[in-house]
Amino acid sequence: MIIRLSHVVAEDTPKGLAARRFQALVQSRSGGRLEVVVFAGARLYGDHDEMQALQLGAVEILAPSLSKFGRIGFPEFELFDLPYLFSDAASVRRITQGPLGQRLLQRLQRQQLVGLGYLDNGFKHMSGNHPLLQPEHFVGMRMRVQASTVIAAQMRALGARPVTLAFSETRRALALGVVDGTENPVSNFWTQRMHEVQSDLSLSQHGYLGYALVANQRFWLGLPQDDRDLLRDALGEAMVFGNQISDTQNDKALAALRDSASTRIHVPDAAQVARMRRTVQPVYDGLAKRIGEGWLRDARNAAQAG
Ligand code: SIN
């Protein structure tokens, strides 16, 4: 049986490597009876069509970023996009590995999707052709964003103009000057070669980028119990592996970026971070209704419980 897993990033990223690990585990444990075919780099489907492809059964498993569930009817997932909600990976884990994370995954059943778990990439940073360390630096900039209302509101709060583009279109849009900057963890910045078209990366660490592993429900429930268990276990192990390497992948990418000397790297000071945080605070009140007051309260409590 062929199981198609599609994602939009490069192979040498936390998600790309976790997908490969899943593939290898399934291959060895099923003795080749089950075969996972991984389509990386939006080769099969991209941001515009992957969710629909999954719902139609044209692909069995996806790993979209959590930011991409809002536009298909799950705005509560956009809580992960709230700027400065998470102080570190442990505060993310209190949601993704806790009851709140499970409740979120269960919601996906409403659209015939099975949520199988979470995978980290890491913390996002701002890139452009000048430093982006404090709110004035963003004024008038066209910033590429994922299709998330929260991220768009964050950019507006900073004085920038958000431009929603598919991940696979982002580098080209930066190169052509269609947009001036963007945000991503360093692993995505580096593997998409955005450093060739962005002169400055500011290590703002203002938001989180992670993924949900989702399967087509008809496919998943149609599997014999043994195969379903095998796939669930292999995916669980691949996600643990992905979460373990996400920091090192981002560190490696940052080291490679420094070595390349193509992009200036900036670190905001404490006063600049405080100003950024204050400036984006209205996003919380402005979008509480969209995310849901209850989800927002629970997310804040879990994230800040440590
Ligand atoms: C991804 O990491 O899957 C893509 C993130 C983005 O669209 O910025």
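Me: How many of the 16 residues of strand E4 (residues 113–128) are buried?
Reply: The model is predicted, so local features need pLDDT of at least 70 and side-chain atom pairs count only at pLDDT 80 or more, while totals for chains, interfaces and linings use all residues. Residues are numbered from 1 along each chain as its sequence is written, and side-chain values use heavy atoms, with hydrogens and water left out. A strand is a DSSP run of E with at least two residues, a helix is a run of H or I with at least four, and both are numbered from the N terminus; buried means under 20% relative accessible area, exposed over 50% and partly exposed in between, with a 1.4 Å probe and protein chains only. Strand E4 is mostly covered, and its count of buried residues is 15.

Me: Which residue of E8 stands opposite Gly117?
Reply: Two strands pair if DSSP finds at least two bridges between them, and E4 is joined to strand E8 (residues 200–216) by 13 bridges, the two running antiparallel. Within E8, the residue opposite Gly117 is Leu213.

Me: Which residue of E7 stands opposite His125?
Reply: E4 is also joined to E7, by three bridges, and these two strands run antiparallel. The residue of E7 that stands opposite His125 is Asn184.

Me: Is Val179 buried or exposed?
Reply: Val179 lies in the loop between helix H6 (167–176) and strand E7 (182–184). Leaving aside neighbours within four places in sequence, Val179 is in contact (heavy atoms within 4.5 Å) with Arg142, Arg144, Val163, Leu165, Ala173 and Leu174. Because its relative accessible area is 2%, Val179 counts as buried.

Me: What separates the C-alpha atoms of Val179 and Glu196?
Reply: Along the chain, Val179 and Glu196 are 17 residues apart.

Me: What radius of gyration does the chain have?
Reply: The radius of gyration is taken over C-alpha atoms, and the globule rule is 2.2 Å times the number of residues to the power 0.38. With 306 residues, a compact globule would have a radius near 19 Å, and the chain agrees with this, having 19 Å.

Me: What share of the 306 residues in the chain is buried?
Reply: The chain holds 12 helices and nine strands, and its C-alpha atoms fill a box of roughly 55 × 45 × 35 Å along the principal axes. Among contacts between residues at least 6 apart in sequence, 76% join residues at least 24 apart. Of the 306 residues, the buried share is 58%.
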